Amino acid sequence: MVWGKGLARRLYGLTGVVWSKYLDIDERGRLIVKLKGYKIDIAKLVSDKQLPGAHIRILPIIRYMMDQVYEAFMEAFRKFGYKGAFKPVYPLKSNSTPIVVDTIWRYGIKYSWGFNAGTYPEVKLISKYINEKPRLLVVDGIKDNKLLDLLSKMCDSWEIIVDIESMRDADLLSKYQDLNIGLRVKVTSKSSGLWSHSSGLDSKFGLLINTLDEMVEKHPWVPNRTVLLHVHAGSQITDKNRLEDIIRETIILYNNLVKTGFKNIRYIDFGGGLAYPYIEASNHVFSANYSLNEYAEILVKELVKSAENTPDIVFEGGRYIVAPHRITVTKIIDTRPYSTSDRGETSYPIVEEIKNTENIKELVYVSRKAREVITRLMLKFPINIESRRILEKLLTSINEAITSKAYEIIHRDNDKALEELIKTPNYVLEELVSPTRRFFASFSLFSHLPDTIIADQYFKIIPLQRLNEKPEVLGVISDLTCDSMGEYSSFITFLPNNIEYETEDLFTSLDHKLMFIPGKTLRLKGVPLHIPRKNEDYYIAFLDTGAYQDMLSMNHNLLNGYPEIIIDIINDNLKIIYENLESAENYPL
Ligand SMILES: *Cc1c(COP(=O)(O)O)cnc(C)c1O
């Protein structure tokens, strides 16, 4: 077995641009945050204060992401000789937690990073910031006089652009001549990914061209006052071709508008959509098939190629900036068997048949037969304790026999067996990636990771200790709510072909479940974890929970709020601040 730090890093996905820089595994197998030469043991931060868990906010990561985005665009500008300016704005809805907004505003001075707000409270939050040099504030959403009055008072500190998205907006804005306007237009190119409904003619926001025509007729001032063209085709656009379509369509719109009297448009705002890599594998709904640099290059290249003149580029990504800054840590407080118990041991003809198979092909065939036996039995069995006892034992014996036979064959036939195993969907593979344990953690998915419920969002999970030991079992993570949706069971592995490993490394050490196949993306139905020892504080972390999760947080079962641990580097000194500790009392320890 060559299990160790290298394989652990790959299995848990600590390989991308962010996590290869900020997270590491120390000699004792503990996960640490690396910041300016400081090494911070994450589990210790939580266990020192006897907490059930915490949101750990690493503020330098926000600044790093801002730098990365800015640099990527500067590089693309240089590469294509683009003469326009880069105008980033941060969309508050991605995360308007005060410390996050404050971090972006402060660090944003050097890049003149502005904001995008969609509601009155978001504008109010931003109104308290006074800029020496005005920064962009792009306002979209539904407006009223109260909002526009407030914006009118903010013009010294902010270069305000209010989107017009309907005739109502134009009517309202005719009374506010000091406010510049933007046109938010719908794009017809459909984007891809979980949030694709934000694009298309039937999308919620944006103007139809016919409405724009009517508007210009009724309000002839619209073309002159328009300084920005705005599109937003949805968050997390994962497909590069779709992205290119959207950019091209927007530039054509821009050219047409400039030609038909909108002479003052000087900004193109391509909206959000820059996808954050929730996993490292490309061509997957949770990560893009393009890099940050490619994203910037696509935008700039298309503008150089096709745009009438040289508009400034407004970048409105929020997810990419804030997703990695929050790590959600939670303590495991109980483990239970998943669906069958640990002790099968009963001998049945079908179990013997499984044990006598000689290769994967045969095993696949017999496993299907075994499933059919179980299904038939379930229909026929009387509902009483004795029949439940027999059924549970039989099911356990079958599952164990399939797993141990596959384990044996893969050890003997290696690559050949693996190839056979993944050729078609089958019960053997399904069983090999199925969990055997339920891990109850002291948290609420509804409160801390709501997008797992709302949008089936994927988050990486990693244990905070024992990373030098091979995982023992596959487990489902269950939360504290009395809701069966409060479970998280997804774990995607993608390890390249050229890694060094032995067959034994493919399997968890206790239940012999399959963790990865080199060169293949494998979606496990449980997370590779260790069984907590007696009196051991065993913590797990969900990575990349910094975008949207704070704002969407639900209050299911009255579980809301979590301790916060804010980590920052100020003048090269490490600063760790604990907040909201009183919320800990709502969670079992
Ligand atoms: C939500 C939203 C964004 C943020 O997009 P992300 O891709 O999630 O960063 C940007 N602009 C507008 C108009 C939005 O509604």
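Q: Which residues in α16 meet which ones in α17?
A: In this predicted model, I409, I410 and D413 are the residues of α16 that meet D415, K416, A417, L418 and L421 of α17.

Q: And what kinds of residues make up that contact of α16 with α17?
A: The contact divides into five nonpolar and three charged residues, with no polar ones.

Q: At what angle do α16 and α17 pack?
A: Helix α16, which covers residues 385-413, and helix α17, which covers residues 415-423, pack at an angle of about 130 degrees, and their axes are 6 Å apart. The two helices are therefore oblique to each other.

Q: OK, what about α15 and α16, how are they arranged?
A: Helix α15, residues 360-380, packs with α16 at an angle of about 170 degrees, with the axes 11 Å apart. Angles over 145 degrees count as roughly antiparallel, so α15 is roughly antiparallel to α16.

Q: Which residues of α15 take part there?
A: Those of α15 that meet α16 are I360, L363, S367, A370, R371, I374, L377 and M378, and their partners in α16 include L391, L394, I398 and I409. By class, this contact has 13 nonpolar, two polar and two charged residues.

Q: Switching to the ligand, which residues come nearest?
A: There are 16 residues around the ligand, and K93, S235, G273, G318 and Y548 come nearest.

Q: How far is the side chain of S235 from an oxygen atom of the ligand?
A: An N or O atom in the S235 side chain is 2.4 Å from a ligand oxygen, while a polar backbone atom of G273 is 2.6 Å from an oxygen atom of the ligand. For R319, a backbone N or O atom lies 2.9 Å from a ligand oxygen.

Q: How much of the ligand does the protein bury?
A: Taken alone, the ligand exposes 390 Å², and the protein buries 94% of that.

Definitions and conventions. Residues are numbered from 1 along each chain as its sequence is written. This is a predicted model: local features need pLDDT of at least 70, side-chain atom pairs count only at pLDDT 80 or more; totals for chains, interfaces and linings use all residues. Side-chain values use heavy atoms; hydrogens and water are left out. Axes are lines fitted to C-alpha atoms, for helices over the stretch in contact, and angles run from 0 to 180 degrees between N-to-C directions. Helices (H or I, at least four residues) and strands (E, at least two) are DSSP runs, numbered from the N terminus. Angles under 35 degrees count as roughly parallel, over 145 as roughly antiparallel, 65 to 115 as roughly perpendicular and the rest as oblique. Contact means heavy atoms within 4.5 Å. Ala, Val, Leu, Ile, Met, Phe, Trp, Tyr, Cys and Pro count as nonpolar, Asp, Glu, Lys and Arg as charged, and the others, Gly among them, as polar. A residue is near a molecule or strand if one of its heavy atoms lies within 4 Å of it. A polar contact is a pair of N or O atoms within 3.5 Å; within protein, one must be able to donate a hydrogen and the other to accept it, and residues adjacent in sequence count only if both atoms are side-chain atoms. Accessible areas come from the Shrake-Rupley method with a 1.4 Å probe; for residues, only the protein chains shown count as cover.
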